[in-house]
Amino acid sequence: MDRGDLANLTAFVAVADLRSFRAAASRLGVTPSALSHSMRQMEERLGVRLLHRTTRSVSVTDAGRRLLDRLRPAIDQITGALENLDQERLHPMGRLRIYANHLSAAAVIAPVWHRFLSTYPEVHLELQVGEAPIDIVAKGFDAGIGPQDRAAADMIAVRVMGPMKVALVGSPSYFTRRRRPQTPDELLQHSCVQFRRGGDDGAVFEWPFERNGKSHKIAAPGRVMVNDSALAVRAAIDGLGITYTIESLAEPFLRSGQLVRVLKDWSPTFGGLFLYYPGHRQVPAALRAFIDMIRAARGSKQPKSSLKNPFTKD
């Protein structure tokens, strides 16, 4: 059965229900003559008369009645499925699959996912975290979140986090044992939580600093190394050393007093994060609602610095 057969069967049900080519044609958005021609062609192809017709009335033949009885449940199911799609277009529901790097998951998604799922109880959120760039379409994801260069040229990229300020933090207990650094070079005398970009073969990045237009990098020493931004903050809270992170991840713990900030005037700002997805037409309602909620929570300022994101793999 091809698409034309399905359309003709749907038209047959409409004619049989309304017992009028004119009324059925009006419901289907076609002309009565075109509808009559389609029905005649279908009868000729099937070799069975389905409708009795005169210039004044239409009725269903016995064969047409048997076909109608078998068609109606299927047509009702198809109609219901299309109505569900229309509801999904207007109301967020179903599964939303997102691929994000660790920083994006912690800084962009985690702060809003409780409110998002509470606001849209019919949405199921699936989040997969990884550092390797992937083809999100081939892997079946609705969207990805990360640096802008993760988005393919033909994808839509929406800023979901503005420029991110770096924060150097440590626990109060750590600073009772060690004097707070006054310059980046003094970090060489401290224990620092190192960060490895990417997977096992990722480089351990040097901590970049900026002040008065001058840039400076430090190969921070330390006994702990992680490749997850949230774990780096956790290590600082636990007193394992000074962590180089972003303000949004450290802010709750700075407010609670679990962390203390140092070298604030040396902290650079680097470009933000983007949510990217294929195409700009018929964006799924769940994805559109997710984007709107993230942007409302974070804003969409343009970056003031071109410093490369140090938490991403080169």
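## Helix H2

In helix H2 (residues 21-28), Phe21, Ala24 and Ala25 are buried, that is, under 20% relative accessible area with a 1.4 Å probe and protein chains only, where exposed means over 50% and partly exposed lies in between. Helices (H or I, at least four residues) and strands (E, at least two) are DSSP runs numbered from the N terminus. Seen down the axis of H2, the buried residues fall within an arc of 100 degrees, so they line one face of the helix; the arc is that of the directions from the helix axis to the C-beta atoms. The face turned away from this buried side carries the exposed residues Arg22, Ser26 and Arg27.

After H2 comes glycine 29, whose phi is positive, near 80 degrees.

## Basis of the model

This is a predicted model, in which local features need pLDDT of at least 70, side-chain atom pairs count only at pLDDT 80 or more, and totals for chains, interfaces and linings use all residues. Residues are numbered from 1 along each chain as its sequence is written, and side-chain values use heavy atoms, with hydrogens and water left out.

## Nonpolar cores

A nonpolar core is a set of buried Ala, Val, Leu, Ile, Met, Phe, Trp, Tyr and Cys residues joined through side-chain atoms within 4.5 Å. The largest has 60 residues, and helix H10 (residues 285-298) gives the most to it, with seven residues. A second, separate core of 20 residues includes Leu9, Val13, Met42 and Leu51.

## Confidence

The mean pLDDT (the predictor's confidence in each residue, from 0 to 100) is 86 for the protein.
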